[in-house]
Amino acid sequence: MAAQHSEHTFKAEITQLLDIITNSIYTNRDIFLRELISNASDAMDKVRFLTSSGTDVVDSDAELAITITTDKDARTITVTDTGIGLTRDELIDNIGTIAHSGSASFMEEAAKNGTQADSIIGRFGVGFYSVFMVADNVTITSRSAMQDATPVVWTSGGTGSYTIEDAEGDVPRGTTISIHLKEDAADFADTERLKGIIREHSNFISFPIKVDGEHVNTQPALWREPKFQIKQDQYDEFYKFLTYDTNAPLDTLHIAVDAPVQFNALLFVPDMSSGGFFNDPETYGLDLYVRRVLIDRRHKDLIPQYLGFMRGVVDTEDLPLNISRETLQENILIDKIRNTVTKQVLTRLAKLAEDDAEKYASFWKNHHKVFKLGYSDFMNKDRFAELLRFNSSANEDADGLTSLAEYAERMKDGQKEIYYISGNSREAIRLNPHGEIFRRKGIEVLYLYEPIDEFIMEALREYKEFRLVAAEQADMAALEAFKDTEDGPAATETLSEEDEKTFDDVLAAIKSILGERVEDVRVSRRLKDSPACLVSADGTSSQMQKMMQIMSKDTTPPVKILELNRDHALARNLLKIYKGDAEDPFFRTSVEHLYEGALLQEGYLNDPHALVARINELLEKSSGWYAEIKNY
Ligand code: ADP
């Protein structure tokens, strides 16, 4: 049969990628070898997996190894593996396209912005193409491990197109990449250079890598070594190998567990302060090994999503090597490993918080968004609560962090609750009338900036013996019992007994103006600086109510209680007006405005037009009076 020859053009995004790769001048070209070796290693993991699960593969007794040869004079390097190989179709599908969704648009952006190649490689599963940083011609010869596949040869100069034809002669299972080096990359054909690159980037590959016959990567599976023999440098090196991060990890956790299930794990908290680390919350998980053999990368069942920022490996003796990915899914051993890993990670984070507050703060800054999802882990509720951090009125600025334990320590004698207020920013929260009484009494309030914080408070309900309470739901009588620590505006004269009674009529008049819009109108005990605020009658906080409304797409303002600050000058003026003429339209206008102002503060005012028109009307009048008084 004649060798089937075909020519193909690369997809547009590949051509773009190749453009970036060949034109990036400052890129670290060494990494092409890391990419080829990592592909080779994956291919051998796959064939080993097939063999152990009973598939009859080609050359079933071939040694699993990566062999690299060089020829300085010919300016060539070959990288050979005995992995799963590629069929003609797989070559077209896997090497001719980029698998990652969104890569095409990313590539376009990258091309525009002059992004360097090494920041793209590895990020989008485009590692193979990095070879064109050093090559002007590449040939892939591959024989699939599947029994009836024809060996094929793929050739490309890295510009626009490639050819595929059937291979001639006897091709063993696996893949050989033959690289013809560009003139300015000739020194990559130097074996010492290659060995150096392998030690730097591929030391932890679990298959032997041989350069011109010499076994180069002699690092053992680090997680299986006794802890006391390992230096932090080695951990860091392994972490960088695992993640491609250029920074050392923030923290390292190496554990060996015997019960209820045997496993070793080497886990890291990434330090993302460089910002370059690609952290996709969808692809969390730990690499699962069984007796040093990789079974699955990023296996999600090994760690809960809220600890998904962790990177690392788990290796167990207790699972069979030929376990299928499907049976892994509801495997009780995996559940046990996850439970132990979870507890160990939480304990480790607690230790980090205790030993090194600065590092913990940087952990919090990097990972709090993911970590906060842990509110649903009821089994570890207490551990989770200890690790939470919030900004608080006791902090100097919005960057300060407070733990619940610190709050509890600072509590007033006799204080039984932990208070919080939600808002978009520290400034917004400081303007919230519900905070006034806490400021006056010198009682600390936690500031919640993210919607998820409310869910956390709802889920936890309490910390130690202290209930977690939204400021607006606080028991006013209990708060009143604390002494004032701050002088508010000078106290207004107390009302005469008669005026007090009339004020009750004022409240009733307000209620009849607002009608169904409010549940009740009453005198506030919490306000000092603001004239009015809204309070919900049941237990839900306004933030929670708002979230539920967003979910149900309901925009009608909830019916709440309007509280009036009787000592506020505005309330006193209303009293005067009411006494003068209970039907005065100015009274009605003011009431409407007080209510809408309070709604606005709660974030419920759907249509601000009426409010603005009213302000303008009031301003028109008051500016007239002002000009008159001033004799302008
Ligand atoms: P990635 O390895 O990140 O998926 P690459 O562009 O490096 O991206 O490779 C694309 C695909 O080509 C791989 O996912 C794999 O299916 C296949 N491939 C690459 N190298 C080999 C190899 N040596 N043996 C078998 N398949 C390979």
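**Figure 1. Strand β7 and its partners.** In β7, T76 has H180 as its bridge partner. This is a predicted model, in which local features need pLDDT of at least 70, side-chain atom pairs count only at pLDDT 80 or more, and totals for chains, interfaces and linings use all residues. Residues are numbered from 1 along each chain as its sequence is written, and side-chain values use heavy atoms, with hydrogens and water left out. Helices (H or I, at least four residues) and strands (E, at least two) are DSSP runs, numbered from the N terminus; two strands pair if DSSP finds at least two bridges between them. Strand β7 (residues 174-181) runs antiparallel to β3, joined by 6 bridges, and I177 of β7 stands opposite V79. Strand β4 (residues 135-143) is also antiparallel to β7, through 8 bridges. There, the partner of A135 is L181 in β7.

**Figure 2. The hairpin of β2 and β3.** Strand β2 (residues 66-71) pairs with β3 in the antiparallel sense over 6 bridges. D71 faces T76 of β3 across the pair, standing opposite that residue. The hairpin has 4 residues between its strands, and R75 takes a positive phi near 60°. Buried here means under 20% relative accessible area, exposed over 50%, and partly exposed in between (1.4 Å probe, protein chains only).

**Figure 3. An open sheet of 5 strands.** The strand order is β10-β11-β14-β12-β13, with mixed pairing. Strands β10 (251-257) and β13 (293-299) stand at the edges with a single partner strand each, so one side of each has no neighbour in the sheet. From one strand to the next, the twist averages 15°. Strands β11 (residues 263-269) and β14 (residues 311-316) are paired in the antiparallel sense over 6 bridges, and L267 stands opposite G312 in β14. Helix α7 (residues 232-243) packs on the sheet and touches β10, β11, β12 (286-290) and β14; the direction of α7 makes about 80° with that of β11. Contact means heavy atoms within 4.5 Å. Axes are lines fitted to C-alpha atoms, for helices over the stretch in contact, and angles run from 0 to 180 degrees between N-to-C directions.

Figure 4. T243 is found in helix α7 and is buried, with a relative accessible area of 12%. The side chain of T243 reaches the backbone oxygen of Y239 at 2.8 Å and the backbone nitrogen of D245 at 3.0 Å. A polar contact is a pair of N or O atoms within 3.5 Å; within protein, one must be able to donate a hydrogen and the other to accept it, and residues adjacent in sequence count only if both atoms are side-chain atoms. Y244 lies in the loop between α7 and β10. This residue, Y244, has a positive phi near 65° although it is not glycine, and counts as partly exposed at 32% relative accessibility. In the loop between β10 and β11 is P260, joined to A259 by a cis peptide bond with omega of about 5°.

**Figure 5. Two nonpolar cores.** A nonpolar core is a set of buried Ala, Val, Leu, Ile, Met, Phe, Trp, Tyr and Cys residues joined through side-chain atoms within 4.5 Å. The largest core has 71 residues, and F363 and F371 have the most contacts inside it. Helix α9 (residues 332-355) supplies the largest share of this core, 9 residues. At least three residues come from each of domain 2 (222-366) and domain 3 (388-480), with domain bounds from an automatic or database domain assignment. Not counting residues up to four places away in sequence, F363 touches L250, V269, F309, L349, L352, H368 and F371. Another core, of 46 residues, lies apart from it and includes I66, Y162, I179 and L194.

**Figure 6. Helix α15 and the residues that follow.** Helix α15 (residues 451-460) is mostly covered, with 7 of its 10 residues buried. The buried residues are I452, D453, E454, I456, M457, A459 and L460. They pack against α11 (381-387), β16 (417-422), β17 (445-448), β18 (462-463), β19 (466-470) and α18 (542-552). In the loop between β18 and β19 is K464, a residue other than glycine with a positive phi near 50°. K464 counts as exposed at 57% relative accessibility.
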